[in-house]
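The sequence and model come next.

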Amino acid sequence: MNSLSPDYPKASPLRTSCGRLSVIGVVVFVLLLTSKLLFFGSLYIPNFDKVENTEYYDLMDAHGYKDGWRREERVLFCVPLRDASPHLPMFFNHMRNLTYPHHLIDLAFLVSDSSDNTMGDLKQHINDIQNDPDVSVRFGEIEIFEKDFGQSIGQGFSDRHGFAAQGPRRKLMARARNWLWTVAIKPYHSWVYWRDADVETVPGEILEDLMHHDKDVIVPNVWRPLPDWLGNQQPYDLNSWQESDGGLQLANTLDEDAVIVEGYVEYSTWRPHLAYLRDPYGDIEVEMPLDGIGGVSILCRASVFRAGSHFPAFSFEKHAETEAFGKLSKRMGFSVYGLPHYVIWHIYEPSSDDLKHMEWMAQEEAKQKEEEKLRGIYDKIWNEGFEDVQDSWKADKINIMKNTDMSGHRKIVVDWSGVDEEEYFKKSVPIKNVVDGNGEPIIAGADAVSGDKAAADDETQLTEKDILANFDPTKE
Amino acid sequence: MAIVRSPLLRQIRRKPLHFLGPFTVIIVLALFILSPSTLSSISGFNSTKTKYNYTPKTGFFGSSSKNKNFQSNLPGNHISHYDLNKLKSTPRAAYNKERILVLSPISRFYNEYWANLLKLTYPRDAMELGFILPRTAEGDEALKKLEKAIKIVQTGPKDDRFAKITILRQDNDGLESQLEKDRHELSVQKERRKNMAIARNSLLFTSLSPYTSWVLWLDADIIESPPTLIQDLISHDKPVMSANVYQRYKNDKGQPDIRPYDFNNWVESEEGLRIAENMADDEIVVEGYAEIATYRPLMAHFYDKNGDVNTEMQLDGVGGGAVMVKADVHRDGAMFPPFPFYHLIETEGFAKMAKRLGYEVFGLPNYLVYHYNE
């Protein structure tokens, strides 16, 4: 504030610069005053800068605004992994493409009960991305947790998705999810995002796309592509639904520990599913309130978890894991929504029926190839073993036939109509009529002929060819 | 200030442009320094290319301090690896240096509480503390006292320092009044305990770390306990173990005496279940009110002066006074329901949830800790 000295020079060449300096002084003063005023009336903030291992956080700083990426809000990105090695390259490609500022994203992985090299591959991928020359690709804090829960259930598609396995399996997965977030979440996290590793197609803006809806819990629609013979595409995640009267009634009939799972005929709940409400041309911003949600891709405010919502590893209102998470969060007063027309794509994993069918298809193809090969051989033998005498016969037949008296020969016409139809192969459809040139029937009803189809076929064909083409009496 | 300002004001009055010109320059400079990206978006560098606007929304008078603690915590390569299979909660916790997290929601700071906490004999280098305070003037008051107390310990001799201390400010609004009378009014009970449950959950889940083996819930108004409280509760090796909360007072004859204080440690009764069955979904059963006579056996009444302190009893509901929990129970998802869970809320709902997850809940009727007397 020296510049604001009272003996301010009034008519010197220095006047302008001094004026500027004084103005700077005033502005600085105003700035200081305003910032002081801003803090006035707000809460006391302790200062632990010089105190060892002591931290203070105002949880309000981690509120979770709808434009969190502009407010330096940190996102905890949770990924449960089990035998996921084959999916990791695809997953980390998606990670690189995320548009949410990477330094604001903290990654938390839980590797459990893996028999492949998930852990080694995971570390490899993370090291690659954290040492990327482009600093903006690197993520914030990365924590890898290891915990085995001793799964007795296999990891094949049908093992996992069979009806009987669902209850205990869902409870176990719920435990795994809880172990992940309870150790990973920090006071400075504003949002928590859950993502399965086996998602095939997902926009890089997924976090912003979900966040800007300003909901406590929100999920996209999850579909999966299918091979042509299964119809190209199919809803994948049936765990996102709205509660129905049917569902509530069913829940009432079940015992305390039962777990209702969607998409199985054993439990028909008549609930509206997010997946089936998709319109490929619909507005991606459309929201739909949900009660149960699926776990492929969930964005939640961190305050939902801080308040105590979690993935029940017991039967909560007859549900477990992510579906119960939806119910529990709703019960605690949080908003739970889904986006019916905003779709991400899960990978296609064939079920055991699909696998059988694919095996059958592969066998059929092999069989066809074998047959083709055989036919090739036969054709070759035929061509080499037999001589084509059609042309020489054309020349010879005139000489051979010219002395034959054909006047007494009857012309035979066969009515083939109706024979080509399908029934012909199922039951013996009689050849309607065989008449001679004068319209006199040779064979009526043709039961006699159809006694041996093939034989009759050859016979009549021969007759027809010979007589119609070569023995036209009018030519003579 | 008036002496200083007056020549300047005169100057401004005489030649306003001399003021306006530099002022504008300064504003532009300030914009440029504080948020360079704002400027770039004004001049249209990164406009319309992306779906969303990524211009930071930091305060005009300085950047936010949000990530201050975060950055100081980072390991060198940003990657840490924890094997949770090796995490154990054993009765020999002190010997094994198993990490314990002592959690206290605080709305009033009692010196006696702090003194008692410092008397606990568990090794400090395996002991973490966590506090959560409401957004009220009362919370401010408590925070100032807590700050002072913590600074003394954490800047004192190295061996006396705690492994880690986390202090949180609640993000939901706490109830203003915490007077003894209002606090126990049945009508405010549900709202109060809902609030308390959320505070407990927020504190628990943000401070629970990958190396925590045990969690001790110690209310900020527990002012007296045996110094071996932690080891004693751990030695029973139970998933959830609650001490009996009593209160010292002067009886009618002016003699010092003790009386039961916390009635939330109980065993379920037929009558309690019957009452719950006939309740609406959002109603709760609470102990200690004539309106709801549950006839539940309360642990507070099972205290026997001459009994063995190690006597255990199985419980269905617990209070929050002094409860030892194996961290795995919380990691499995057992939390303090802020809504009626089987018509139970907060700590009592927690006991129910732990049981739903397959854990057993116990109490020590003859092991006393003492509550502050207002």
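Contact here means heavy atoms within 4.5 Å. Not counting residues up to four places away in sequence, A:Arg177 touches A:Pro80, A:Trp194, A:Asp196, A:Gly295, A:Phe311, A:Glu321 and A:Thr322. This is a predicted model, where local features need pLDDT of at least 70, side-chain atom pairs count only at pLDDT 80 or more, and totals for chains, interfaces and linings use all residues. Residues are numbered from 1 along each chain as its sequence is written, chains are lettered from A and ligands numbered from 1 in the order in which they are written, and side-chain values use heavy atoms, with hydrogens and water left out.

A:Arg177 is buried, with a relative accessible area of 5% (buried is under 20%, exposed over 50%, partly exposed in between, with a 1.4 Å probe and protein chains only). Its place is in helix α5 of chain A; helices are DSSP runs of H or I with at least four residues, strands runs of E with at least two, numbered from the N terminus.

Residues A:Arg170, A:Met173, A:Ala174 and A:Arg177 of α5(A) meet A:Glu321, A:Thr322 and A:Glu323 of α9(A).

| Pair | N to O distance |
|---|---|
| A:Arg71 and A:Asp67 | 2.8 Å |
| A:Glu323 and A:Arg170 | 3.3 Å |
| A:Arg301 and A:Asp214 | 2.5 Å |

A:Arg301 is buried at 8% relative accessibility, while A:Asp214 is partly exposed at 37%. Salt bridges that share partners join A:Arg170, A:Arg177, A:Asp196, A:Glu321 and A:Glu323 into one network.

Terms used:
Salt bridge = Lys/Arg side-chain N within 4 Å of Asp/Glu carboxyl O.
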